[in-house]
Amino acid sequence: MPFQRLASAIQSGPSRLRDYWKADLRADAISGLTVAVMGVPQAMAYALIAGLPPVWGLYTAMVTCVVSAVIGSSNHLVTGPTNAICMVILSLTAHLPEKYGYGLLEIVLLLTFLTGAIQLMFGALRLGGIIRYVSHSVVVGFTAGAGILIAANQIKNLLGITLDERPEHFFQVLSFTFEALPESNFFALALGAATALCVIFLPMLNRHIPGALVGILISGALAYFLGWHLPEMGASKIEIVKDIEPISASLNLFHFPQLIAPPPFELTRELGVGAAALAILGLIEAASIARAVASQSGQRLDFNREFVGQGMGNIVGSFFSSFAGSGSFTRTAVCYKSGGKTRMAAIFSAFWTAATIVLFAPIANYIPKASLAGILIVVAYTMVDKRRLIITWKSSNQSRLVLFGTLVSTLILPLEYAVFVGVFLSIVLLLRVTGQTDLTQLVQRPDSGFDEVPFNRAPQSEVVTVNMEGDLYFAAAEDLDYELLECITPKTRVVILRMKRLRAVGSTAMAILERFDEILKSRGLQLVVCGIEDSLKQIMTGSGLRTQIGEQNLFYADNKLFQSMELALARAWSIVEMERRRDDAMKKSVNSPEARIRISDIHSKRILRFGNQHQIREAVWLISEMMKTVDQKAAQPLFLQNAEGKLDSELSLWNVLQSLGNNIDPQTADVLEDEALGECMRSQFTESIGARARKDLPRIEVDASLEEALYLSKSLKLQTLPVSDEEGRLTGMATPLGMLKGLGAALDFNPEKALPKA
Amino acid sequence: MSMTRASDLMTKRFLRISTEHTIREAMGIILYGEQTKHDTGAIAIINQEGDFAGVVTPNQIVWGLVGDWKPVEGNSGESEFLPFAESRLSLSVSTLLTPEPTTASPQTSLARLVLMAGASESECIPVIDEGRVEGLVYATDIFKAAADIALTPGTEGIAL
């Protein structure tokens with residue numbers, strides 16, 4: 001971390017410090033200056049949003065900025081006054097001085113302290129991860145709402161109007177401003193409009209021109225030299241910064257917040273809710289901005305540390321005449337884009353801001369309030385993210401609800417509640433999204449792996465594999481039965497549930513399995529489950545569900561069994577074949593004399609595929625796992641695939657036995673005890689299966705004729721033949737018994753004639 | 001110290017028919033007999049004296065019926081193959097038997113069975129005691145027993 005880099009540089013001696021000096025200091029200083037040039041007018045204007053003296057905005061841009069930069073996690077986050085936060089401060093505090101008789105500034109400092117304390121607590125309780133759950137739509141909606149409020153509130157400053165009555169909410173702001181329109185001061189409007197035009201158009205000419213700074217300098221100079229700020233102007237006198245509270249060229253910031261010790265109970269209680277809203281809003285802003293920058297810079301963020309940084313920034317700020325701040329999007333972006341390397345850039349910006357106060361206080365005092373309002377109108381316009389609003393409006397219902405719900409509540413509710421509405425909405429959204437379980441059908445790709453397809457697009461098959469994905473809450477489990485049943489077609493015999501990617505409490509998952517198993521059984525269908533996690537396995541053991549479904553139909557998801565899906569498929573196809581045998585369906589299908597037996601009539605899908613790079617040990621283990629669930633005596637091969645998923649070779653059971661027997665000395669084989677035999681076979685375990693497998697495989701397609709397959713089997717001495725589809729991808733196998741059955745059907749066998757008399 | 005032997009692994013439930021039976025009958029038993037439930041089809045064959053003569057598996061019947069038949073170029077040839085196969089159905093099962101089949105005794109060790117199965121590539125090895133067939137040891141059973149012994153907790157699973 002660069003700060004630690006700096007700290008360790010200081011510790012480890014001058015050479016390291018010199019490294020920083022050479023490498024990053026210059027970049028940080030320049031970046032800090034850029035931030036300050038943009039930030040000074042912004043900070044003063046934002047203070048105006050909160051109804052506070054502009055100089056307080058500068059203080060916040062210094063103290064809060066430095067503390068948060070030093071303690072926080074992000075390298076580029078610039079903390080300070082922000083538009084949305086200031087709007088909340090105004091909404092929270094504007095009416096309180098009348099009510100309690102304390103000064104507005106003291107109330108704001110108490111609020112700042114409380115906000116910081118709550119944020120610190122969030123960080124200390126390590127709630128940093130929680131921020132992830134607040135939807136970005138909340139931020140967009142809230143910012144847009146705050147932008148509209150700011151614009152509405154600044155119209156009066158732009159027009160130089162003083163309202164007789166303090167508006168309580170958005171609509172009063174509009175109506176009071178409207179009533180006072182006749183008193184508009186056109187000098188103020190001219191200055192504000194000129195500043196706004198500078199802010200808009202100067203950066204278009206050259207993006208390095210700080211539009212806001214030039215704007216207030218030009219409009220300030222204009223007002224000053226024309227004498228518009230002088231009392232002689234009467235009603236047309238424009239208000240300047242000095243009239244609100246003069247900025248003095250000193251940095252005597254320390255001011256003990258009088259209301260902290262002890263805090264007045266009633267006031268603190270009333271501020272508490274607002275402070276919580278401010279704290280949350282501040283953290284959301286800071287975290288999302290820090291995250292946005294980190295995604296470009298590649299820094300790994302520790303959100304808990306960021307929370308502590310924000311909290312400490314505000315707590316310390318409350319002792320230095322600062323109001324609550326947060327991460328500023330514009331200044332952070334400028335800091336990163338102008339080449340800021342470490343958090344020293346933010347500290348430098350504070351330094352340059354301080355320098356501005358000391359050097360230019362006399363000038364800053366003459367900045368017209370209307371000019372700051374002009375800046376704010378432009379800021380307010382940019383706060384409404386039109387593109388994002390349109391996209392969200394067209395997107396899913398849920399994020400539309402969150403975004404516009406938040407936006408509307410900023411306009412009709414006290415602003416602090418709008419924050420809670422947004423957070424609440426995004427939690428509801430989160431629960432709805434994650435509460436959904438995604439069901440797709442897995443269709444085996446003949447090369448390797450599976451395609452996930454929606455139920456209605458999956459081809460009908462005897463074996464249906466359903467992939468369950470997502471989170472499963474109990475409520476969602478209710479509907480799941482019906483959804484699951486949709487996978488069943490008339491052809492279906494076995495349903496495989498893959499639960500590996502399902503996040504659910506064991507008891508919920510168990511309830512589903514139990515019910516689904518019952519439903520399937522009532523329809524004469526079989527259930528096979530794979531990807532069962534340990535937690536579920538334990539609960540199932542206790543409940544007897546393992547016996548109900550049948551141990552041979554369950555495949556567990558311990559990491560040994562990454563092939564649990566393959567094994568489940570082999571099991572499912574063996575169930576299908578067992579049933580088919582019972583029904584003797586084959587006989588019916590080929591009984592018509594015309595029927596010519598094709599490979600497709602006899603081929604078995606109960607195949608096991610395996611990579612050709614594995615060792616004998618793994619093949620032994622896989623086959624023995626399969627034998628535990630597939631009840632058959634016939635020796636079944638493994639079909640090996642290469643890295644591209646193409647059929648590479650066939651490893652027969654005898655090939656495996658040959659390998660295992662390779663180190664058995666024929667002389668002593670008759671007296672070899674099991675233990676020694678085990679040792680002997682294990683010494684073969686590392687042999688590559690590719691070395692043993694047969695590579696000279698014929699290419700037999702599903703529509704090949706039976707006798708072709710028979711001939712190939714005999715001439716190649718290959719007992720079990722791989723069967724491919726038209727594109728040459730493995731789909732199944734023709735076993736000796738399968739071929740014999742085909743032959744029986746072709747030769748018109750029937751049990752009565754063929755069976756010998758006892 | 002223990003040693004797994006053929007007698008531990010062999011299946012005693014199996015069919016035996018005599019060399020007098022035809023291939024057609026052997027095939028009928030394999031296709032419709034009880035043992036199809038387990039996907040096995042091996043039957044032991046005994047000669048007129050009641051002594052062991054050999055084992056017939058589905059594979060042996062298939063290969064036996066194919067015999068030295070060859071598809072004719074440019075002709076899928078089912079019409080030619082089926083009469084050919086049909087004609088062979090009435091031959092005695094003894095024509096399918098391997099002249100000197102691999103056999104085990106009840107005392108045969110698992111190690112020996114592993115070697116036998118690997119070498120014979122046969123679905124099962126008959127267990128003979130004093131000329132009589134006592135049972136059949138399937139290659140799958142040999143494998144299962146071998147895997148049980150060879151696989152230790154540390155060697156299970158598949159390396160990713």
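In strand S8 of chain A, which residue is the bridge partner of A:Val494? The bridge partner is A:Gln526. Strands, like helices, are DSSP runs numbered from the N terminus, with at least two residues (E) for a strand and at least four (H or I) for a helix.

This is a predicted model, in which local features need pLDDT of at least 70, side-chain atom pairs count only at pLDDT 80 or more, and totals for chains, interfaces and linings use all residues. Residues are numbered from 1 along each chain as its sequence is written, while chains are lettered from A and ligands numbered from 1 in the order in which they are written.

**Strand S6 of chain A**

A:Val494 belongs to strand S6 (residues 494–498) of chain A, and five of the five residues of S6(A) are buried. A residue is buried if 20 or more other C-beta atoms lie within 10 Å of its own, exposed if 12 or fewer, and partly exposed in between, with C-beta atoms placed from the backbone. A:Val494, A:Ile496 and A:Arg498 point one way from S6(A), and A:Val495 and A:Leu497 point the other way. S6(A) runs parallel to strand S8 (residues 526–532) of chain A, and five bridges join them. Two strands are said to pair if DSSP finds at least two bridges between them.

**A:Glu106**

A:Glu106 is located in helix H6 (residues 104–124) of chain A. Leaving aside residues up to four places away in sequence, A:Glu106 touches A:Pro257, A:Gln258 and A:Leu259. Contact here requires C-beta atoms, placed from the backbone, within 7 Å. A:Ser318 is 212 residues from A:Glu106 along the chain, and the C-alpha atoms of the two are separated by 9.4 Å.

**Chain B and its sheet**

Chain B has six helices and five strands, and from the N terminus on these elements run α-β-α-β-β-α-α-α-β-β-α. Of its 160 residues, 47% count as buried. Among contacts in chain B with a separation of 6 or more, 65% come from residues 24 or more positions apart.

Three strands of chain B form an open sheet in the order S1-S2-S3, with mixed pairing. Strand S1 (15–18) and strand S3 (52–56) of chain B are at the edges, each with a single partner strand, so one side of each has no neighbour in the sheet. From one strand to the next the twist averages 30°. Strand S2 (residues 43–46) of chain B pairs with S3(B) in the antiparallel sense over four bridges, and B:Ile46 has B:Phe52 in S3(B) as its bridge partner. H2(B) packs on this sheet and touches S1, S2 and S3 of chain B, with its direction at about 170° to that of S1(B).

**The contact between the chains**

The contact takes 61 residues from chain A and 64 residues from chain B. Helices H2 (23–32), H3 (58–66), H4 (78–89), H5 (110–120) and H6 (139–150) of chain B each supply at least two residues of the side that touches chain A. H6(B) gives the most, with nine residues. By class, the side of chain B that touches chain A has 36 nonpolar, 17 polar and eleven charged residues. Nonpolar covers Ala, Val, Leu, Ile, Met, Phe, Trp, Tyr, Cys and Pro, charged covers Asp, Glu, Lys and Arg, and polar covers the others, Gly among them.

Two helix pairs across this contact are listed below. Axes are lines fitted to C-alpha atoms, for helices over the stretch in contact, and angles run from 0 to 180 degrees between N-to-C directions.

| Helix pair | Angle | Distance between axes |
|---|---|---|
| H28(A) (residues 653–660) and H5(B) | about 135° | 8 Å |
| H32(A) (residues 736–746) and H2(B) | about 115° | 10 Å |

The angle in the H28(A) pair makes H28(A) oblique to H5(B); angles under 35 degrees count as roughly parallel, over 145 as roughly antiparallel, 65 to 115 as roughly perpendicular and the rest as oblique. In H28(A), A:Trp654, A:Leu657, A:Gln658 and A:Leu660 meet B:Val114, B:Ala117 and B:Gly118 of H5(B). This helix contact has five nonpolar, two polar and no charged residues.

From H32(A), A:Leu740, A:Lys741 and A:Gly744 meet B:Met27, B:Ile30 and B:Leu31 of H2(B). The contact of H32(A) with H2(B) has four nonpolar, one polar and one charged residues.

Methods
Contact = placed C-beta atoms within 7 Å.
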